[in-house]
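Visitor: I would like to go through this structure step by step. Could you show it to me?

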Amino acid sequence: MALAANPQHQQWIDQFIDNIWLADGLAQNTAESYRRDLVIWAVWLQEQHKTMQVAQRDDVQAFLAAQAREVKAATMARRMASLRKFYQHWLNNAQIQHDPTLTLVTPKRVRPLPKELSEAQVESLLAAPDVQTDAGVRDRAMLEVMYATGLRVSELIGLDRAMLHLTEGYLQVVGGKGGKQRLVPLGEEARHWLEQYISKARPLLLAGKSQGLIFVNQRGEPLTRQGAWFIIKGYAAQAGIDASRLSPHVMRHAFATHLLNHGADLRMVQVLLGHSDIATTQIYTHVATARLQALHKLSHPRG
């Protein structure tokens with residue numbers, strides 16, 4: 001049974017989401033995360049016979065202590081961030097007299113290392129689609145573009161014709177926090193397979209239908225995030241890649257780590273990935289550093 005906040009709490013949550021969506025241009029997934037966290041907080045308060053409007057610092061501490069027994073540190077940190085944003089909003093709008101989260105310390109989030117694929121594994125993955133079929137050409141194009149550009153799956157399926165600049169060899173991408181725009185180079189292989197898909201396979205998949213988005217399924221409808229992930233998993237299994245090494249961002253991670261392994265600057269990788277904060281990109285240096293240490297041990301006379 002789904003959790004449900006009482007009508008008063010739900011109204012506060014809905015108004016908060018609507019207001020910050022208009023002000024910050026939040027992605028739908030981010031807004032839903034806020035909503036989910038705040039409903040959990042509201043229901044906990046209801047069980048204590050308290051309300052969101054008059055909650056105290058001790059209430060927040062007790063809530064977090066209860067959550068710590070049930071969720072991971074990363075979820076705790078996100079939940080705390082949701083509460084902070086919520087109460088800062090209502091304090092700034094003079095709807096509450098104090099912020100119960102003001103002096104609390106947010107739990108430190110330990111970022112997991114990205115799942116790594118070797119260059120050989122990526123080559124096997126790219127070669128897996130049967131390019132004698134229309135769907136296979138589409139899938140080869142999709143995988144090549146993801147590896148060449150580091151696009152998120154959501155960004156990939158959101159590509160339309162206006163975003164493609166194939167003659168110049170780059171994509172115009174809109175994604176990340178706030179829907180920011182960035183330009184990403186394609187590379188020769190990705191451009192070749194994208195041209196093959198658009199000129200030959202895509203018209204056959206569309207079968208006369210009109211569709212603005214580039215990647216479509218075998219019914220000529222826009223490819224979904226789940227559909228793209230299903231395709232990636234299928235080819236990974238075909239390429240003999242262990243399922244434990246997979247994630248929805250598997251090609252994005254490979255793009256970043258392989259660039260760094262070949263000497264790319266961290267700031268350049270940050271721009272290409274569309275990260276607003278360099279700290280988000282720095283997680284990839286752990287993977288690249290491991291390779292540098294191995295090369296040092298192999299090459300240095302005192303390694």
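Visitor: How many helices and strands does the chain have?

Guide: The chain has 13 helices and 3 strands; helices (H or I, at least four residues) and strands (E, at least two) are DSSP runs, numbered from the N terminus. This is a predicted model, in which local features need pLDDT of at least 70, side-chain atom pairs count only at pLDDT 80 or more, and totals for chains, interfaces and linings use all residues. Residues are numbered from 1 along each chain as its sequence is written, and side-chain values use heavy atoms, with hydrogens and water left out.

Visitor: At what angle do helix 5 and helix 6 cross?

Guide: The axes of helix 5 (residues 119–127) and helix 6 (residues 134–149) cross at roughly 150° and come within 9 Å. Axes are lines fitted to C-alpha atoms, for helices over the stretch in contact, and angles run from 0 to 180 degrees between N-to-C directions. Helix 5 is therefore roughly antiparallel to helix 6 (angles over 145 degrees count as such).

Visitor: Which residues make that contact?

Guide: Helix 5 contributes Glu119, Val122, Leu125, Leu126 and Ala127, and helix 6 contributes Arg140, Leu143, Glu144 and Tyr147; contact means heavy atoms within 4.5 Å.

Visitor: Now the sheet: in what order do the strands lie?

Guide: The 3 strands form an open sheet in the order 1-2-3, with antiparallel pairing; two strands pair if DSSP finds at least two bridges between them. Strand 1 (164–165) and strand 3 (180–185) stand at the edges with a single partner strand each, so one side of each has no neighbour in the sheet.

Visitor: How many bridges join strand 2 to strand 3?

Guide: Strand 2 (residues 170–175) is joined to strand 3 by 6 bridges. Gly175 has Lys180 of strand 3 as its bridge partner.

Notes. Angles under 35 degrees count as roughly parallel, over 145 as roughly antiparallel, 65 to 115 as roughly perpendicular and the rest as oblique.
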